[in-house]
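Hello,

Here is the structure I promised to pass on. Please have a look, and then read my notes below.

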Amino acid sequence: MNIDWNNLGFGYIKTPYRFISHFKDGKWDEGVLSEDEIVKINECAGVLQYAQTCFEGLKAYRTTDNRVVCFRPDLNAKRMHDSCQRLEMPVYPDDKFIEAVIKTVKSNIDYVPPYGYGATLYIRPYMFGENPVIGVKPADEYQFRIFTTPVGPYFKGGVKPITIRVPDFDRAAPRGTGHIKAGLNYAMSLHPIVDAHKNGFDENMYLDPATRTKVEETGGANFIFITKDNTVVTPKSNSILPSITRRSLLYVAEKYLGLKTIEREIPFEEVKTFKECALCGTAAVLSPVGKIVNKDTEILLPSGMENMGEVTKQLYDTLLGIQLGKIDPPEGWLKEII
Ligand SMILES: Cc1ncc(COP(=O)(O)O)c(C=O)c1O
(Lines give C-alpha, C1' and ligand atoms only; values in the text may rest on other atoms or scores of the structure.)
Protein backbone atom coordinates (compact mmCIF):
# COMPACT_ATOMS: atom_id res chain seq x y z
CA MET A 1 0.00 0.00 0.00
CA ASN A 2 1.43 3.34 -1.04
CA ILE A 3 -1.02 6.17 -0.47
CA ASP A 4 -0.10 9.84 -0.13
CA TRP A 5 -2.65 10.76 2.58
CA ASN A 6 -1.81 14.46 2.13
CA ASN A 7 -2.90 14.59 -1.49
CA LEU A 8 -5.94 12.36 -1.65
CA GLY A 9 -8.74 13.61 -3.90
CA PHE A 10 -12.30 12.31 -3.98
CA GLY A 11 -11.68 9.30 -6.21
CA TYR A 12 -11.84 5.51 -6.22
CA ILE A 13 -8.91 3.58 -4.84
CA LYS A 14 -9.42 -0.15 -4.67
CA THR A 15 -9.26 -1.58 -1.14
CA PRO A 16 -8.74 -5.30 -0.43
CA TYR A 17 -12.26 -6.41 0.61
CA ARG A 18 -15.88 -5.76 -0.26
CA PHE A 19 -19.06 -7.25 1.26
CA ILE A 20 -21.45 -9.13 -1.07
CA SER A 21 -24.86 -10.58 -0.26
CA HIS A 22 -27.34 -12.10 -2.74
CA PHE A 23 -31.13 -12.00 -2.63
CA LYS A 24 -32.68 -15.08 -4.25
CA ASP A 25 -35.92 -17.04 -3.73
CA GLY A 26 -37.23 -14.29 -1.49
CA LYS A 27 -34.34 -14.08 0.99
CA TRP A 28 -30.88 -12.61 1.59
CA ASP A 29 -27.92 -14.97 2.10
CA GLU A 30 -25.38 -14.45 4.90
CA GLY A 31 -22.99 -12.51 2.69
CA VAL A 32 -19.22 -12.82 2.26
CA LEU A 33 -16.15 -10.60 2.07
CA SER A 34 -14.55 -10.91 -1.34
CA GLU A 35 -11.27 -9.79 -2.86
CA ASP A 36 -12.83 -9.60 -6.35
CA GLU A 37 -13.94 -6.07 -7.25
CA ILE A 38 -15.45 -7.09 -10.60
CA VAL A 39 -19.24 -7.48 -10.83
CA LYS A 40 -20.33 -9.87 -13.60
CA ILE A 41 -24.03 -9.68 -14.45
CA ASN A 42 -26.46 -10.65 -17.19
CA GLU A 43 -26.82 -8.23 -20.13
CA CYS A 44 -30.52 -7.90 -19.36
CA ALA A 45 -30.10 -7.31 -15.60
CA GLY A 46 -32.77 -5.05 -14.09
CA VAL A 47 -30.15 -2.50 -13.12
CA LEU A 48 -28.84 -2.18 -16.68
CA GLN A 49 -32.24 -1.88 -18.35
CA TYR A 50 -34.39 0.02 -15.85
CA ALA A 51 -31.79 1.48 -13.47
CA GLN A 52 -33.12 -0.45 -10.49
CA THR A 53 -30.38 0.54 -8.09
CA CYS A 54 -29.82 2.68 -5.03
CA PHE A 55 -26.90 3.45 -2.77
CA GLU A 56 -25.68 5.12 0.39
CA GLY A 57 -22.57 7.04 1.41
CA LEU A 58 -20.98 7.33 4.83
CA LYS A 59 -17.50 7.63 6.30
CA ALA A 60 -15.20 5.97 8.82
CA TYR A 61 -12.95 8.38 10.77
CA ARG A 62 -9.69 7.79 12.63
CA THR A 63 -10.06 9.64 15.94
CA THR A 64 -7.44 11.60 17.92
CA ASP A 65 -6.99 8.57 20.21
CA ASN A 66 -6.59 6.22 17.23
CA ARG A 67 -9.98 4.55 17.33
CA VAL A 68 -11.92 4.03 14.10
CA VAL A 69 -15.54 5.16 14.19
CA CYS A 70 -18.43 5.41 11.78
CA PHE A 71 -20.81 8.37 11.88
CA ARG A 72 -24.50 7.50 12.44
CA PRO A 73 -24.69 4.39 10.18
CA ASP A 74 -28.17 3.67 11.56
CA LEU A 75 -29.46 6.67 9.63
CA ASN A 76 -27.90 5.41 6.39
CA ALA A 77 -29.52 2.00 6.99
CA LYS A 78 -32.89 3.70 7.45
CA ARG A 79 -32.51 5.90 4.36
CA MET A 80 -31.45 2.94 2.20
CA HIS A 81 -34.48 1.09 3.56
CA ASP A 82 -36.67 3.96 2.26
CA SER A 83 -34.87 4.01 -1.11
CA CYS A 84 -35.38 0.25 -1.55
CA GLN A 85 -39.08 0.48 -0.76
CA ARG A 86 -39.58 3.31 -3.26
CA LEU A 87 -37.78 1.29 -5.95
CA GLU A 88 -39.56 -2.01 -5.24
CA MET A 89 -36.32 -3.60 -4.08
CA PRO A 90 -36.03 -5.96 -1.09
CA VAL A 91 -34.90 -4.14 2.07
CA TYR A 92 -31.58 -5.27 3.52
CA PRO A 93 -32.32 -5.41 7.27
CA ASP A 94 -31.07 -2.30 9.16
CA ASP A 95 -29.13 -4.27 11.84
CA LYS A 96 -27.47 -6.45 9.17
CA PHE A 97 -26.60 -3.29 7.22
CA ILE A 98 -24.69 -1.89 10.22
CA GLU A 99 -23.00 -5.28 10.84
CA ALA A 100 -21.92 -5.44 7.19
CA VAL A 101 -20.54 -1.87 7.30
CA ILE A 102 -18.48 -2.76 10.38
CA LYS A 103 -17.20 -5.99 8.80
CA THR A 104 -16.20 -4.21 5.59
CA VAL A 105 -14.37 -1.37 7.36
CA LYS A 106 -12.60 -3.82 9.72
CA SER A 107 -11.35 -5.88 6.80
CA ASN A 108 -9.90 -2.73 5.17
CA ILE A 109 -8.70 -1.12 8.40
CA ASP A 110 -5.25 -0.15 7.05
CA TYR A 111 -7.01 2.01 4.48
CA VAL A 112 -8.67 4.21 7.10
CA PRO A 113 -6.44 7.30 6.78
CA PRO A 114 -4.41 8.23 9.86
CA TYR A 115 -5.68 11.10 12.03
CA GLY A 116 -4.56 14.56 10.96
CA TYR A 117 -4.65 14.40 7.16
CA GLY A 118 -8.25 15.51 6.67
CA ALA A 119 -8.86 12.20 4.89
CA THR A 120 -11.39 9.46 5.67
CA LEU A 121 -12.53 6.04 4.47
CA TYR A 122 -15.64 6.54 2.35
CA ILE A 123 -18.11 3.64 2.55
CA ARG A 124 -20.45 2.92 -0.33
CA PRO A 125 -23.30 0.43 0.30
CA TYR A 126 -25.40 -0.23 -2.81
CA MET A 127 -27.99 -2.59 -4.22
CA PHE A 128 -29.07 -3.53 -7.71
CA GLY A 129 -31.46 -5.82 -9.60
CA GLU A 130 -29.43 -8.65 -11.06
CA ASN A 131 -31.57 -11.09 -13.02
CA PRO A 132 -32.82 -10.53 -16.60
CA VAL A 133 -35.88 -8.25 -16.79
CA ILE A 134 -37.31 -7.24 -20.15
CA GLY A 135 -40.91 -6.22 -19.34
CA VAL A 136 -40.99 -3.13 -17.12
CA LYS A 137 -41.14 -4.70 -13.67
CA PRO A 138 -38.91 -5.22 -10.62
CA ALA A 139 -36.15 -7.86 -10.68
CA ASP A 140 -36.45 -11.01 -8.51
CA GLU A 141 -32.77 -11.30 -7.64
CA TYR A 142 -30.52 -8.61 -6.15
CA GLN A 143 -27.04 -7.97 -4.84
CA PHE A 144 -26.31 -5.83 -1.80
CA ARG A 145 -22.68 -4.78 -1.72
CA ILE A 146 -20.40 -2.47 0.25
CA PHE A 147 -17.02 -1.22 -0.93
CA THR A 148 -14.72 1.32 0.67
CA THR A 149 -12.27 3.86 -0.71
CA PRO A 150 -10.03 6.37 1.06
CA VAL A 151 -10.93 9.95 0.16
CA GLY A 152 -9.78 13.53 0.68
CA PRO A 153 -11.81 16.74 0.16
CA TYR A 154 -14.80 16.69 -2.24
CA PHE A 155 -14.15 20.20 -3.56
CA LYS A 156 -10.61 20.91 -4.75
CA GLY A 157 -10.08 24.00 -2.60
CA GLY A 158 -10.92 22.08 0.59
CA VAL A 159 -12.62 24.67 2.81
CA LYS A 160 -12.17 27.64 0.43
CA PRO A 161 -15.50 29.20 -0.57
CA ILE A 162 -16.90 27.96 -3.87
CA THR A 163 -19.02 29.58 -6.60
CA ILE A 164 -22.30 28.02 -7.64
CA ARG A 165 -25.01 28.94 -10.13
CA VAL A 166 -28.74 28.59 -10.65
CA PRO A 167 -28.94 26.51 -13.86
CA ASP A 168 -31.58 26.59 -16.57
CA PHE A 169 -32.03 22.87 -15.97
CA ASP A 170 -34.88 21.62 -13.84
CA ARG A 171 -34.12 19.81 -10.60
CA ALA A 172 -32.49 16.64 -11.83
CA ALA A 173 -34.38 14.09 -9.78
CA PRO A 174 -37.50 12.60 -11.36
CA ARG A 175 -40.40 14.20 -9.47
CA GLY A 176 -40.91 12.80 -6.05
CA THR A 177 -37.77 10.68 -5.91
CA GLY A 178 -35.31 13.34 -4.79
CA HIS A 179 -35.70 12.13 -1.23
CA ILE A 180 -34.11 8.77 -2.01
CA LYS A 181 -30.57 8.05 -3.11
CA ALA A 182 -31.05 6.32 -6.45
CA GLY A 183 -28.77 5.86 -9.41
CA LEU A 184 -31.24 7.32 -11.89
CA ASN A 185 -31.57 10.58 -9.90
CA TYR A 186 -27.82 11.05 -10.14
CA ALA A 187 -27.54 10.04 -13.79
CA MET A 188 -30.02 12.84 -14.55
CA SER A 189 -27.81 15.34 -12.70
CA LEU A 190 -24.66 14.54 -14.70
CA HIS A 191 -25.43 16.83 -17.62
CA PRO A 192 -26.14 19.90 -15.41
CA ILE A 193 -22.95 19.36 -13.39
CA VAL A 194 -20.75 18.89 -16.47
CA ASP A 195 -22.29 22.05 -17.90
CA ALA A 196 -21.71 23.93 -14.61
CA HIS A 197 -18.03 22.95 -14.57
CA LYS A 198 -17.66 23.91 -18.24
CA ASN A 199 -18.92 27.37 -17.31
CA GLY A 200 -16.64 27.76 -14.31
CA PHE A 201 -19.02 26.87 -11.47
CA ASP A 202 -18.44 24.31 -8.75
CA GLU A 203 -22.08 23.22 -8.32
CA ASN A 204 -25.71 23.91 -9.25
CA MET A 205 -28.31 25.41 -6.95
CA TYR A 206 -31.51 23.59 -7.96
CA LEU A 207 -34.81 25.37 -7.45
CA ASP A 208 -38.12 23.57 -6.99
CA PRO A 209 -39.22 22.30 -10.43
CA ALA A 210 -42.88 23.30 -10.02
CA THR A 211 -42.41 27.05 -9.49
CA ARG A 212 -38.64 27.61 -9.85
CA THR A 213 -38.79 30.11 -7.00
CA LYS A 214 -37.67 28.11 -3.96
CA VAL A 215 -34.20 26.82 -3.06
CA GLU A 216 -33.87 23.02 -3.01
CA GLU A 217 -30.35 21.55 -2.90
CA THR A 218 -27.26 20.95 -5.05
CA GLY A 219 -26.32 17.82 -6.99
CA GLY A 220 -24.57 16.26 -4.00
CA ALA A 221 -25.36 18.29 -0.87
CA ASN A 222 -28.07 20.18 1.03
CA PHE A 223 -27.96 23.91 1.85
CA ILE A 224 -27.72 25.76 5.10
CA PHE A 225 -27.90 29.55 5.35
CA ILE A 226 -27.09 31.87 8.23
CA THR A 227 -29.29 34.94 8.67
CA LYS A 228 -28.02 38.31 9.87
CA ASP A 229 -29.20 37.46 13.39
CA ASN A 230 -27.30 34.13 13.38
CA THR A 231 -30.23 31.78 12.82
CA VAL A 232 -29.47 28.62 10.87
CA VAL A 233 -32.05 28.28 8.09
CA THR A 234 -32.38 25.27 5.78
CA PRO A 235 -34.84 24.48 2.97
CA LYS A 236 -37.95 22.47 3.73
CA SER A 237 -38.86 20.33 0.74
CA ASN A 238 -39.96 16.75 0.23
CA SER A 239 -38.01 16.43 -3.00
CA ILE A 240 -34.50 16.88 -1.56
CA LEU A 241 -32.35 14.15 -0.04
CA PRO A 242 -32.81 14.16 3.74
CA SER A 243 -29.15 14.79 4.50
CA ILE A 244 -27.75 13.10 7.60
CA THR A 245 -25.10 15.82 7.86
CA ARG A 246 -27.79 18.50 7.81
CA ARG A 247 -29.84 16.78 10.52
CA SER A 248 -26.65 16.52 12.59
CA LEU A 249 -25.70 20.17 12.01
CA LEU A 250 -29.11 21.42 13.12
CA TYR A 251 -28.71 19.45 16.35
CA VAL A 252 -25.16 20.75 16.84
CA ALA A 253 -26.31 24.33 16.18
CA GLU A 254 -29.01 24.12 18.83
CA LYS A 255 -27.47 21.92 21.49
CA TYR A 256 -23.77 22.74 21.25
CA LEU A 257 -23.78 26.32 19.96
CA GLY A 258 -27.08 27.62 21.34
CA LEU A 259 -28.23 28.85 17.91
CA LYS A 260 -31.78 29.00 16.66
CA THR A 261 -32.56 26.75 13.68
CA ILE A 262 -35.47 26.75 11.24
CA GLU A 263 -36.40 24.35 8.45
CA ARG A 264 -38.71 26.23 6.11
CA GLU A 265 -39.33 27.11 2.48
CA ILE A 266 -36.68 29.53 1.22
CA PRO A 267 -37.62 31.76 -1.73
CA PHE A 268 -34.58 32.33 -3.95
CA GLU A 269 -35.33 36.07 -3.59
CA GLU A 270 -34.42 35.82 0.09
CA VAL A 271 -30.93 34.41 -0.49
CA LYS A 272 -29.39 37.86 -0.94
CA THR A 273 -30.34 38.73 2.63
CA PHE A 274 -28.31 35.90 4.20
CA LYS A 275 -24.81 36.45 5.55
CA GLU A 276 -23.45 32.92 5.06
CA CYS A 277 -24.24 29.95 2.85
CA ALA A 278 -22.75 26.46 2.87
CA LEU A 279 -23.26 23.03 1.32
CA CYS A 280 -23.51 20.13 3.72
CA GLY A 281 -23.13 16.43 3.14
CA THR A 282 -21.01 13.40 3.95
CA ALA A 283 -18.68 14.18 1.04
CA ALA A 284 -18.95 17.99 1.10
CA VAL A 285 -18.76 18.09 4.94
CA LEU A 286 -19.55 21.83 5.19
CA SER A 287 -18.31 23.72 2.14
CA PRO A 288 -18.77 27.49 2.26
CA VAL A 289 -20.35 29.22 -0.73
CA GLY A 290 -18.96 32.67 -1.56
CA LYS A 291 -20.90 33.53 -4.69
CA ILE A 292 -24.19 32.49 -6.31
CA VAL A 293 -24.82 33.38 -9.94
CA ASN A 294 -28.31 33.50 -11.44
CA LYS A 295 -27.97 34.36 -15.13
CA ASP A 296 -26.88 38.03 -15.13
CA THR A 297 -27.10 38.65 -11.43
CA GLU A 298 -24.57 37.73 -8.75
CA ILE A 299 -25.07 37.32 -5.04
CA LEU A 300 -21.86 37.84 -3.11
CA LEU A 301 -22.22 36.46 0.38
CA PRO A 302 -20.86 38.90 3.02
CA SER A 303 -18.55 36.10 4.27
CA GLY A 304 -16.58 36.56 1.02
CA MET A 305 -14.39 34.33 -1.16
CA GLU A 306 -11.44 33.88 1.20
CA ASN A 307 -12.70 32.26 4.39
CA MET A 308 -15.55 30.32 5.91
CA GLY A 309 -18.17 32.52 7.54
CA GLU A 310 -17.94 32.74 11.31
CA VAL A 311 -20.99 30.62 12.14
CA THR A 312 -20.22 28.10 9.38
CA LYS A 313 -16.74 27.70 10.91
CA GLN A 314 -18.21 27.06 14.38
CA LEU A 315 -20.57 24.45 12.95
CA TYR A 316 -17.77 22.85 10.95
CA ASP A 317 -15.35 22.70 13.89
CA THR A 318 -17.98 21.24 16.22
CA LEU A 319 -19.26 18.59 13.81
CA LEU A 320 -15.76 17.52 12.79
CA GLY A 321 -14.66 17.66 16.44
CA ILE A 322 -17.42 15.15 17.26
CA GLN A 323 -16.54 12.91 14.31
CA LEU A 324 -12.84 12.91 15.22
CA GLY A 325 -13.44 12.17 18.90
CA LYS A 326 -12.31 15.60 20.13
CA ILE A 327 -15.75 16.66 21.39
CA ASP A 328 -18.18 14.43 23.31
CA PRO A 329 -20.74 13.08 20.83
CA PRO A 330 -24.47 12.89 21.44
CA GLU A 331 -25.56 9.39 22.49
CA GLY A 332 -25.34 6.88 19.64
CA TRP A 333 -23.70 9.11 17.02
CA LEU A 334 -20.39 7.24 16.78
CA LYS A 335 -20.34 3.52 16.03
CA GLU A 336 -17.05 2.09 17.17
CA ILE A 337 -15.29 -0.15 14.63
CA ILE A 338 -12.04 -0.69 16.59
C1 LIG B 1 -28.27 15.02 -3.62
C2 LIG B 1 -27.67 14.97 -2.27
N3 LIG B 1 -28.18 15.77 -1.31
C4 LIG B 1 -27.67 15.76 -0.04
C5 LIG B 1 -26.61 14.95 0.31
C6 LIG B 1 -26.08 14.96 1.70
O7 LIG B 1 -26.54 13.86 2.43
P8 LIG B 1 -25.70 13.25 3.63
O9 LIG B 1 -25.45 14.36 4.60
O10 LIG B 1 -26.58 12.20 4.21
O11 LIG B 1 -24.44 12.73 3.05
C12 LIG B 1 -26.05 14.12 -0.66
C13 LIG B 1 -24.90 13.28 -0.31
O14 LIG B 1 -24.92 12.14 -0.39
C15 LIG B 1 -26.58 14.12 -1.96
O16 LIG B 1 -26.06 13.34 -2.90
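What follows is a short account of the chain, a helix pair and the ligand site.

This is a predicted model, in which local features need pLDDT of at least 70 and side-chain atom pairs count only at pLDDT 80 or more, while totals for chains, interfaces and linings use all residues. Residues are numbered from 1 along each chain as its sequence is written.

The chain holds 7 helices and 17 strands (DSSP runs numbered from the N terminus: helices are H or I with at least four residues, strands E with at least two). Its C-alpha atoms fill a box of roughly 55 × 50 × 35 Å along the principal axes.

Helix H2 (residues 73–86) packs against helix H3 (residues 94–107) at an angle of about 125°, and their axes are 9 Å apart (axes are lines fitted to C-alpha atoms, for helices over the stretch in contact, and angles run from 0 to 180 degrees between N-to-C directions). H2 and H3 are therefore oblique to each other (under 35 degrees is roughly parallel, over 145 roughly antiparallel, 65 to 115 roughly perpendicular, and the rest oblique).

Around the ligand there are 13 residues, of which Ser 243, Ile 244, Thr 245, Gly 281 and Thr 282 come nearest (a residue is near a molecule or strand if its C-beta atom, placed from the backbone, lies within 6 Å of it). Helix H6 (residues 244–255) gives the most to this shell, with 3 residues. By class, the shell has 4 nonpolar, 7 polar and 2 charged residues (Ala, Val, Leu, Ile, Met, Phe, Trp, Tyr, Cys and Pro count as nonpolar, Asp, Glu, Lys and Arg as charged, and the others, Gly among them, as polar).

Best wishes
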